[in-house]
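Work through the exercises below with the sequence and the model open. Each task is followed by a solution in steps.

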Amino acid sequence: MKKLKGVAASRGICIGPAFQFLRTELNTEKKEISDPEAEITRLDAAIQTAKDQIQSIYEKALTESSEADAEIFQAHKMILDDPELMTTIKNRIRDEKINCEYSVYETAKQFAATMAAMEDEYFAARAADIMDVANRLLRVLMNVADSPTAGLKEPSIILADDLTPSDTVLLDKSKVMGFCIAHGSATSHTAILARGLGLPAVAGAGVDVMDVPTGDLLIVDGTNGIAVIEPDADTESQYRKRMETSKSIQAEALKFAKDKAATTDGVELEIVSNIGNVEDAKFAVENGAEGVGLLRTEFLYLERSALPTEEEQYEAYKAILEVFGKHPVVLRTLDVGGDKEIPYLNLDKEMNPFLGERALRLCLNRPDIFKPQLRAALRAGVGHNLKIMFPMVATLCCVRSAMVVVNECKAELKKEGIPFADDAEIGIMVEIPSAAVIADQLAKEVDFFSIGTNDLSQYTMAADRTNPKVAELSNAFQPAVLRLIKMVIDAAHAEHKWVGMCGELAGEPLAAPILVGLGLDEFSMSPPFIPLVKQIIRNLNAEEMVDLAKGALQLESPDDVKDFVKKEVSFINEVIS
Amino acid sequence: MKEAKVVVNNKVGLHARPAALFVQTASKFKSEINVSCHDPKEDKLRTANAKSILGILTLGVFQGIEITIKADGEDEADAAATLADLVKNNFGEEA
């Protein structure tokens, strides 16, 4: 038995076999060869195998998803059949006496560059297709398994260095029980993915994670940030018991998920969800979300090679808004920079990306990005309860500049005779300490606030939330952060504006009593947390929580705060396991 | 050698599904087939192999552009006529 200590990235416990998610680097080094014809025979065989693979994926896609989705694989087959591409690859092998791996890679890159240079989204996508096909061919040539998850046959716990967004697309979610990641933190991509799926995850568990063989029994305790490798019988049975308890509590809470969250003294709170796409939207509704407190729009911009068009965004937003009908949906405008990179925007490398040209700062400098998004949002909002929210606001000036662009978009749409949601509320995220400090001034300019506790904590504490060594400091239970939250809520209420919270703290059972006491109006969280938080709120007395919050703000550390809540609200100990 | 001139009238031009259909049709014939069009930007004639999807796509044929289909081989007459008809019929889509 071996214990690894990491960061609690997503709550819950799972017990199951480990699965190493290994990315194989494809070696395309240039080698001289003596027999080009033998090399070409090898290439032809690989092309045939690749075609067979694509054909079976195509057929699978046809039965499992739509014809439109399957069509991409037809395009891949045509690329493999392309005489221009294949003749060039073969000619290079013959003329330069080089290995096929090098010729395939270099030639494909050259064709892809021609496509990408055509400055049109359609061609840019074809460039990605060419590289996809080339990589498949290379994997066949080098006898590398089709994907890092090819061996994932039974439900397992995924072990990896860290996962990228494209890795997670490959994962068959029905076979994932949880995650244990060597690097990363509670706010890394894997952690967000895990919370979205309601799966336990430990991050920053150290490089030892990489040595656990696939198939070893593993316990992931995402609540406490602990992974146990090959547990002894005692430990395993203790964890199994905890798992059962938490499962039954969760199941019980789920039964009442769709009911309102009102405190025992009748204060009704709005419980909404953080989502990133239309699938999340449906999952959120099933878990009792009364709307969306944070629609992350980055999904439209990632995993592609050019900006999404206004039309594309309009369709995507419309699809999500329709899931929620008349319920509120808060759309956050593009939040890139920081730890979220988008290669085709060609942004300069920055020394401190978290303190750089991020989110709204970038959008204000790039109307070509900002305007199509605002127009698409305003158009999609017709007939729905859309609200627009700007991330990374530090000053009054940046809110006013953003409002100017919103009004420009509205004027344009009006002139073009295109209907739009003229009355959509406009708000800001409060995640920079300066915004919290001048919340009284900002409250006069906007319709609402939403507190982003992940960034607010890391900026307040000057501790990088992605660095496991200081990630603990960047904790929203820090009394300093809680005091800022109080300032923000009080300032908004003085102007009769509402305040939500879309950071992780909103879905934290131990934080709920404090936040109710501080007067938070809206709680937005990953869908799986909703039933439990609602259940907790139904058992709280709002009046009493005002005093509890006052007390919590006078404490000295995050642990003190948590212990205090556990002591004052004793039933909470039963629901957190 | 057989030659046919046609104007591409469908909405997307020789892209996406129409381009795929064009290349798939061309690939059924034994003749060597190429497509050329005038590139207004560089003011020169550009030619691509009709059986190459990447070649056809990079030609950049949009709605309203005239293309010349040249077929050379045993089934050249049939090839040129079939491809020209495909374009004239807007690839079976509405224009």
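**Conventions and chain B**

Of the 95 residues of chain B, 34% count as buried (20 or more other C-beta atoms within 10 Å of a residue's own; exposed means 12 or fewer, partly exposed in between; C-beta atoms are placed from the backbone). The model is predicted: local features need pLDDT of at least 70, side-chain atom pairs count only at pLDDT 80 or more, and totals for chains, interfaces and linings use all residues. Residues are numbered from 1 along each chain as its sequence is written, and chains are lettered from A and ligands numbered from 1 in the order in which they are written.

**Exercise 1.** Describe the fold pattern of chain B and the range of its contacts.

Step 1. Assign helices and strands as DSSP runs (H or I, at least four residues, for helices; E, at least two, for strands; numbered from the N terminus). Chain B then has three helices and four strands.

Step 2. Along the sequence these elements give β-α-β-β-α-β-α.

Step 3. Take two residues as in contact if their C-beta atoms, placed from the backbone, lie within 7 Å. Among the contacts in chain B with a separation of 6 or more, 74% join residues 24 or more positions apart. For chain A the corresponding value is 69%.

**Exercise 2.** Determine which helices of chain B supply the side that touches chain A.

Step 1. The contact takes 13 residues from chain B and 14 residues from chain A.

Step 2. On the chain B side, α1 (16-27) and α2 (53-59) each supply at least two residues. The most comes from α2(B), with five residues.

Step 3. Sort that side by residue type: six nonpolar, six polar and one charged. Here Ala, Val, Leu, Ile, Met, Phe, Trp, Tyr, Cys and Pro are nonpolar, Asp, Glu, Lys and Arg are charged, and the others, Gly among them, are polar.

**Exercise 3.** Locate A:E230 and A:A359, and state whether each is buried or partly exposed.

Step 1. Most residues other than glycine have a negative phi. A:E230 has a positive phi of about 45°, and A:A359 one of about 50°.

Step 2. A:E230 lies in the loop between β8 and α8 of chain A. A:E230 is partly exposed because 15 other C-beta atoms lie within 10 Å.

Step 3. A:A359 lies in the loop between β12 (328-332) and α11 (360-365) of chain A. With 23 C-beta neighbours inside 10 Å, A:A359 is buried.
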